[in-house]
Amino acid sequence: MSGNKGKKRSFAQELCVKSAGRAMQRAGMLWPGCRVGVAVSGGVDSFVLLKTLQIRQGIVPFPFEIMALHLNPGFDPQSHAALPGWLARHGIASHVEVTDYGPEAHSEKNLRRSACFRCAWLRRKRLFELCARYKLTHLALGHNADDLVQTFFLNLCRNGRVDGMHMNESFFGGGLHLIRPLLLVEKKYILKAARQWALPVWANACPSAGHTARSAMSATLEQLYGVARDARRCIYNGLARWQMEQNSAAPQEDANPTQGAAPTAHAPIRH
């Protein structure tokens with residue numbers, strides 16, 4: 001548990017740890033000896049995910065490894081300055097690099113797709129490449145319950161499709177599993193846990209932040225939550241149950257993954 005022994009966790013911290021464990025067990029996310037790359041953007045979700053997985057290393061009855069993967073989008077090449085030191089102090093292996101994905105996605109070079117789509121596609125492609133390079137079996141993303149609700153309604157309203165966010169997706173013939181351990185945790189608890197753990201998160205420098213379809217859906221949902229006293233809780237709980245039924249111990253196979261080699265487990269991750 002690295003630095004957490006003897007310290008009582010708060011309600012928010014315990015909720016993150018236990019809810020992640022529940023999701024991991026129900027969706028069959030991990031197994032002995034697996035190697036998990038954690039996509040760390042620097043925001044609260046991915047940082048809390050990294051901290052939660054480190055704690056769960058001391059809870060689960062088998063060993064697994066974690067490695068932080070940070071891709072600076074290039075708006076502020078120094079924004080991640082506090083990350084390497086924090087990772088070193090907590091004994092977490094890492095790969096950190098500065099890219100130009102953000103500026104490129106917002107440039108005239110990208111005329112066919114939205115800036116967010118292009119930047120996300122480039123990041124996902126690079127993360128798959130890094131998983132192959134470091135022989136990682138899993139890629140963990142920090143999506144939470146709020147993301148699940150927003151995605152469900154975006155899919156329904158914009159695409160006419162009933163779909164959420166899978167907890168455990170299989171890529172490259174099962175060579176890589178994309179997992180979302182925090183998908184059952186509400187954002188408000190993640191924010192509290194991040195403050196209580198004093199995680200060195202930093203602000204998103206992207207000029208599109210707060211001006212996306214997702215942020216617009218978030219504002220729309222606030223109105224929906226007001227139709228009944230318990231609307232927010234009922235929507236969260238209902239979609240969480242539905243998503244777990246969709247993914248319970250049955251990884252989803254993606255038919256069109258970004259091109260890349262299928263990772264396999266080899267030597268231990270070096271810090």
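The following questions and answers concern a predicted model.

Residues are numbered from 1 along each chain as its sequence is written. In this predicted model, local features need pLDDT of at least 70 and side-chain atom pairs count only at pLDDT 80 or more, while totals for chains, interfaces and linings use all residues; side-chain values use heavy atoms, with hydrogens and water left out.

Q: How many helices and strands does the protein have?
A: Helices (H or I, at least four residues) and strands (E, at least two) are taken as DSSP runs, numbered from the N terminus. By this assignment, the protein has 9 helices and 7 strands.

Q: Is Thr99 buried or exposed, and what is its relative accessible area?
A: Thr99 is placed in the loop between β3 (93–98) and α4 (101–105). Buried means under 20% relative accessible area, exposed over 50%, and partly exposed in between (1.4 Å probe, protein chains only). Thr99 is therefore buried, its relative accessible area being 10%.

Q: Which residues does Thr99 touch, not counting residues up to four places away in sequence?
A: Contact means heavy atoms within 4.5 Å. With residues up to four places away in sequence not counted, Thr99 touches Leu71, Asn72, Pro73 and Gly74.

Q: Where is Arg232 found, and what is its relative accessible area?
A: Arg232 belongs to helix α9 (residues 231–247). Leaving aside neighbours within four places in sequence, Arg232 is in contact with Glu222 and Tyr225. Arg232 is partly exposed, because its relative accessible area is 29%.

Q: What distance separates the end C-alpha atoms of helix α2?
A: The expected span of a helix is 1.5 Å times one less than its number of residues. For the 13 residues of α2 (residues 44–56), the span should therefore be 18 Å. This agrees with the distance between the end C-alpha atoms, 18 Å.

Q: Which residues touch the most other members of the largest nonpolar core?
A: A nonpolar core is a set of buried Ala, Val, Leu, Ile, Met, Phe, Trp, Tyr and Cys residues joined through side-chain atoms within 4.5 Å. The largest such core has 57 residues, and those touching the most other members are Val36, Val38 and Leu50.

Q: Which helix is mostly covered, and how many of its residues are buried?
A: In the largest nonpolar core, of 57 residues, α2 gives the most, with 7 residues. The helix that is mostly covered is α2, and the number of its 13 residues that are buried is 13.
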